[in-house]
Amino acid sequence: MPEKQQTEESPTLQQRAEDRPRRRQARGERRIAQLLEAAASVFCRSGYTGASTNAIAREAGVSPGTLYQFFPNKEAIAVGLSDQLLEHWAQSHGQALTPENIGLPLDRMLDAILDPLIAFNVENPAFAVLMHGPDTPGAIIEEIGTVHCTLLARVEEMIATRLPDMPSEQRTRTANMTLHLFKAGLTLIMSHEGAERAAYVAELKTVMHRYLEPLLEGGLPAGR
């Protein structure tokens with residue numbers, strides 16, 4: 001009887017065997033997250049070219065051999081980090097460019113759209129290093145093109161919602177200019193901190209407001 005109770009209350013050999021891969025998988029996922037976090041720090045300090053797998057392993061507090069169990073080289077780490085960041089970026093982009101935000105008055109719309117996109121870049125400086133660096137791996141450059149096209153299409157949809165009669169070529173031109181104004185302002189924002197960074201955020205919103213207001217609210221044609 002005691003032996004039966006032990007059998008009923010204790011995990012079976014099969015259950016223990018099934019649990020081991022799950023525990024290993026969970027440990028592996030935590031280790032990968034640890035390594036990607038370390039890579040983000042190293043890339044921000046040294047750039048992609050200046051970074052090394054040894055530096056990333058040191059930052060993560062593991063041996064190079066442990067790192068190579070999960071990533072064969074530095075490019076694979078960069079691609080893994082970019083995939084993670086792009087997933088987070090898509091979430092920020094989705095939260096910002098919603099139909100509800102697009103229908104707001106222009107000043108409030110700029111706050112609602114720009115604030116989460118800027119916040120994402122401030123919280124993830126490695127995104128700019130990998131997305132816009134001169135030494136970005138080719139596999140990531142392809143992803144950058146996808147991000148740009150997605151964002152451009154969304155801005156065009158925003159303009160079409162507010163100005164349905166604007167010709168498509170003008171809409172594309174306006175969307176391109178808007179997106180490049182954002183990127184240029186973001187570069188200045190990311191290169192400053194504290195009150196000066198906040199001042200550049202305000203400057204970016206002012207510039208974009210002055211560009212978009214005649215179009216979206218005054219109805220004047222682009223390229224006038």
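This is a predicted model: local features need pLDDT of at least 70, side-chain atom pairs count only at pLDDT 80 or more; totals for chains, interfaces and linings use all residues.

Reply: A residue counts as buried when its relative accessible area is under 20%.

What does T53 touch, leaving aside its neighbours within four places in sequence? Its contacts are L67, Y68, N73, K74 and I77. The helix around T53 covers residues 53–60, and its buried residues are T53, A55, I56, A57 and A60. After α3 comes G61, with a positive phi near 75°.

K74 lies over the face of Y48, 4.5 Å from the ring centre. Y48 in turn is in contact with D135, as is T49, when the neighbours of D135 within four places in sequence are left aside. D135 sits in the loop between α8 and α9. Is D135 buried or partly exposed? Its relative accessible area is 24%, so D135 counts as partly exposed.

Helix α8 holds F127. With a relative accessibility of 4%, F127 counts as buried. Beyond its neighbours within four places in sequence, F127 is in contact with L85, L86, W89, F120, N121 and H132. F127 and A40 are 87 residues apart in sequence, and 8.4 Å separates them in space, C-alpha to C-alpha.

F120 and F127 form one that is edge-to-face, with 5.1 Å from centre to centre and 80° between the planes. Both F120 and F127 are buried. Ring pairs join W89, F120 and F127 into a cluster.

W89 belongs to α5, where W89 is among the residues that meet α9. Two packed helices are described by the angle between their axes and the distance between the axes. Helix α5 spans residues 74–96 and helix α9 spans residues 138–162; their angle is about 10° and their axes are 10 Å apart. The two helices are therefore roughly parallel. From α5, the residues in this contact are E75, A78, V79, S82, L86, W89 and H93. From α9, they are A139, I140, E143, V147, T150, L151 and R154. By type, the residues of this contact divide into eight nonpolar, three polar and three charged. An α-helix has 3.6 residues a turn, so residues three or four places apart point the same way.

Last, the setting. The protein chain has 11 helices and zero strands. Among contacts in the chain with a separation of 6 or more, 66% are between residues 24 or more positions apart.

Note on methods. Residues are numbered from 1 along each chain as its sequence is written. Side-chain values use heavy atoms; hydrogens and water are left out. Axes are lines fitted to C-alpha atoms, for helices over the stretch in contact, and angles run from 0 to 180 degrees between N-to-C directions. Helices (H or I, at least four residues) and strands (E, at least two) are DSSP runs, numbered from the N terminus. Angles under 35 degrees count as roughly parallel, over 145 as roughly antiparallel, 65 to 115 as roughly perpendicular and the rest as oblique. Contact means heavy atoms within 4.5 Å. Ala, Val, Leu, Ile, Met, Phe, Trp, Tyr, Cys and Pro count as nonpolar, Asp, Glu, Lys and Arg as charged, and the others, Gly among them, as polar. Buried means under 20% relative accessible area, exposed over 50%, partly exposed in between (1.4 Å probe, protein chains only). Rings of Phe, Tyr and Trp (its six-membered ring) pair if their centres lie within 6.5 Å; planes under 30 degrees apart count as stacked, over 60 as edge-to-face and the rest as tilted. A charge sits over a ring if NZ of Lys or CZ of Arg is within 6 Å of the ring centre and within 35 degrees of the ring normal.
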